[in-house]
Amino acid sequence: MAREFSTVGVVGLGTMGAGIVEVFARNGIDVVAVEISEPALERGRATLSGSTDRAVAKGKLAAADRDALHERVHFAVGLDALHSVDLVIEAVPEHLDLKQRIFAELDRVCRPEAILATNTSSLSVTEISVATTRPNQVIGIHFFNPAPVMKLVEVVRTVVTAPEVVADVEALCARLGKVDVTINDRAGFIANALLFGYLNHAVGMFESHYATREDIDAAMKLGCGLPMGPLALMDLIGLDTAYEILDTMYRRGGRDRRHAPVPLLKQMVTAGLLGRKSGRGFYTYERPGSPVVVPDEATPPAAEAALADGARAIAKVGVVGSGTMATGIIEVFAKAGYEVVSVTRGAEKSAKVCEAVKTSLNKGVVRGKLTEADRDAALGRISWSATLDHLADVDLVVEAVVEELSVKKALFASLDEICKPGVVLATTTSSLPVIDVAMATQRPADVVGLHFFNPAPVMPLVEVVRTIRTSPEATATARAVCAALGKTGVVCGDRSGFIVNALLFPYLNDAVRMLEASYSTADDIDHAMKLGCGYPMGPFELLDVVGLDVSLAIQRELYLELREPGFAPAPLLEHLVTAGYLGRKTRRGFRDHSHR
Ligand SMILES: NC(=O)c1ccc[n+]([C@@H]2O[C@H](COP(=O)([O-])OP(=O)(O)OC[C@H]3O[C@@H](n4cnc5c(N)ncnc54)[C@H](O)[C@@H]3O)[C@@H](O)[C@H]2O)c1
């Protein structure tokens, strides 16, 4: 029989603690909520009220249930109030000495049979436990932010945690409606070990002006379907907490440079820019604690204003290529009202592309997204050609031919001969340096990258890549074109992986390393990222969809360009590719798909 928990204590009512109080009280458990001072207690109480009032306003909680919830919570200053609880969860700032002091005190105050739990994200639960005389009753219960919403709990057992304590806590998680994964005590556990390298990398991109905060966040939301971008997530986590987590992970987790906090973070913390909780972090909020972002001096001007930056008028567009991307891009431009000249290597290829565009547009008609008249008008705007000479009078060329530098360079040299002055020349390359392509022409200032995502008609994101030679007008034109296509164009520098792949693939590679180290299973790792961080797919699901060979190739390029040791492809990924297990397309990758 699992132990009954009728009263629990929560220590520290900040970002996490207040949410944890709500989780327990919502599930009919009495809570003693403890803070260090009266003002801090008041803040915690206000956070809880704000959250439950929002739930009532959204119709997610009845007013009577909110009142009952509040009645279950007893607020107090000081740990002495915890003398008769069955379990305590500590959620004070991420400092080992502070947590050890609190655990020593809890050990003295609490009943001998009480379980003492920490919500630490990165510190050693084992080191915290030895501050007590009952390390076998100490455990990690790691909730995710915001605690009332996120379904995952990581239950962290140390080498001395008693098995029945683990079982009791697992049963408690089930009672709270949470899904738990039980793991050993390692820096960052599952989710943070995979998340924080990515977050820190995104901060580094921002710090080096590689892209704006809005563009970095939009890229990951729209390109990967994440619930929020990395910088908005840092603001939610709290920059002080994030700094401590990174710093601890760096020291405990094998001194991986990717976890060494980017210097900007420390500066922001020192300046009091802690994120949502202080009203300002990477973004500015309506007031401290508010989730509402308000414009500030870094907010980019509206799209119309950007047009004034010298964006050139584009009416006629050439698309070179006959593959999946070219086909999708032709459709996107034609649907948006542009005149399109498609250039392929022959009539046969043109006929195939034309057929594919028709099929796709017809699907739109069947699904009610397009009228027959719109479809016919779009098709009427496309002309088919087998020679680049027909691109003499276009305003923009989008190249989407095979991913080989020599082929692209030769093509750009020809475009340079044929196209009129002032045309913007764009490559859709996902991995080659855009500057190499640009230097094949006499007009590198007019060359940009336009990295569409597959399938182009569906995916809302385009990465606009500016090289060190690209003119502001060419960049503004590319961005304005994206907006006219109904897509979000994010501008970034000309580095391997641009924004999305550079942030995504190292994380996937890290997940493979974690599996390889037998720290957890593919199922639990996928669960952790979906339920703890709200990702639409877990890393192994995504790797099997993308293809292990494609993922390995991208990871290799990132490694070769940046020489970051942490980016070295995981040996397990290499072995699976060598074995021909490439993912869904070969019916076997990390999982066996042959029966599905
Ligand atoms: N922020 C997140 O997204 C997140 C997610 C999961 C876990 N965590 C972990 O949760 C813990 C708390 O982080 P947070 O972000 O909520 O921090 P926070 O800074 O928002 O809140 C900490 C609270 O602890 C209180 N406190 C400090 N000393 C105290 C004491 N001696 N007694 C009682 N209360 C005290 C502070 O007044 C403050 O209200 C950390 O270990 C962190 O790693 C954070």
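Modeller: Ring pairs link Phe333, Tyr338 and Phe452 into a cluster; rings of Phe, Tyr and Trp (its six-membered ring) pair if their centres lie within 6.5 Å, and planes under 30 degrees apart count as stacked, over 60 as edge-to-face and the rest as tilted. Before we go on: this is a predicted model, where local features need pLDDT of at least 70, side-chain atom pairs count only at pLDDT 80 or more, and totals for chains, interfaces and linings use all residues. Residues are numbered from 1 along each chain as its sequence is written, and side-chain values use heavy atoms, with hydrogens and water left out.

Biologist: How many aromatic pairs does the structure hold?

Modeller: Six aromatic pairs. One of them is phenylalanine 24 with phenylalanine 143, edge-to-face, at 6.4 Å centre to centre and 70 degrees between the planes.

Biologist: Which parts of the chain does that pair link?

Modeller: Distant ones: phenylalanine 24 is in helix 1 and phenylalanine 143 in strand 6, 119 residues apart. Helices (H or I, at least four residues) and strands (E, at least two) are DSSP runs, numbered from the N terminus.

Biologist: Are phenylalanine 24 and phenylalanine 143 buried or exposed?

Modeller: Both phenylalanine 24 and phenylalanine 143 are buried. Buried means under 20% relative accessible area, exposed over 50%, partly exposed in between (1.4 Å probe, protein chains only).

Biologist: Ligand next. Which residues come nearest?

Modeller: Met16, Glu35, Glu94, Lys99 and Ser121, out of 25 residues around the ligand; a residue is near if one of its heavy atoms lies within 4 Å.

Biologist: What is 2.6 Å from an oxygen atom of the ligand?

Modeller: An N or O atom in the side chain of lysine 99. A ligand nitrogen atom also has a backbone N or O atom of isoleucine 237 at 2.9 Å, and the side chain of lysine 277 puts an N or O atom 3.3 Å from a ligand oxygen.

Biologist: How much of the ligand does the protein cover?

Modeller: 88% of the 830 Å² of accessible area that the ligand has on its own (Shrake-Rupley method, 1.4 Å probe). Helix 1 (15–26), helix 4 (96–109), strand 6 (138–143) and helix 10 (239–252) are the elements that give two or more residues to the shell.

Biologist: Helix 4 again. What does aspartate 107 touch?

Modeller: Aspartate 107 lies in helix 4 and is buried, at 14% relative accessible area. Leaving aside neighbours within four places in sequence, aspartate 107 is in contact (heavy atoms within 4.5 Å) with Leu116, Thr132, Thr133 and Arg134. A polar atom of the aspartate 107 side chain lies 2.7 Å from the backbone nitrogen of threonine 133.

Biologist: Switching to backbone: where is there a cis peptide bond?

Modeller: From asparagine 145 to proline 146, with omega near -5 degrees; proline 146 is in the loop between strand 6 and strand 7 (152–157). Another cis bond joins asparagine 454 and proline 455, with omega about -5 degrees.

Biologist: Why flag those?

Modeller: Because most peptide bonds are trans, and most residues other than glycine have a negative phi. On the phi side, arginine 563 has a positive value of about 55 degrees. Arginine 563 is in the loop between helix 22 (548–562) and helix 23 (571–578) and is exposed, with 52% relative accessible area.

Biologist: And what about arginine 587?

Modeller: Arginine 587 has a positive phi too, about 65 degrees. Arginine 587 sits in the segment after helix 23 and counts as partly exposed at 47%.

Note on methods
A polar contact is a pair of N or O atoms within 3.5 Å; within protein, one must be able to donate a hydrogen and the other to accept it, and residues adjacent in sequence count only if both atoms are side-chain atoms.
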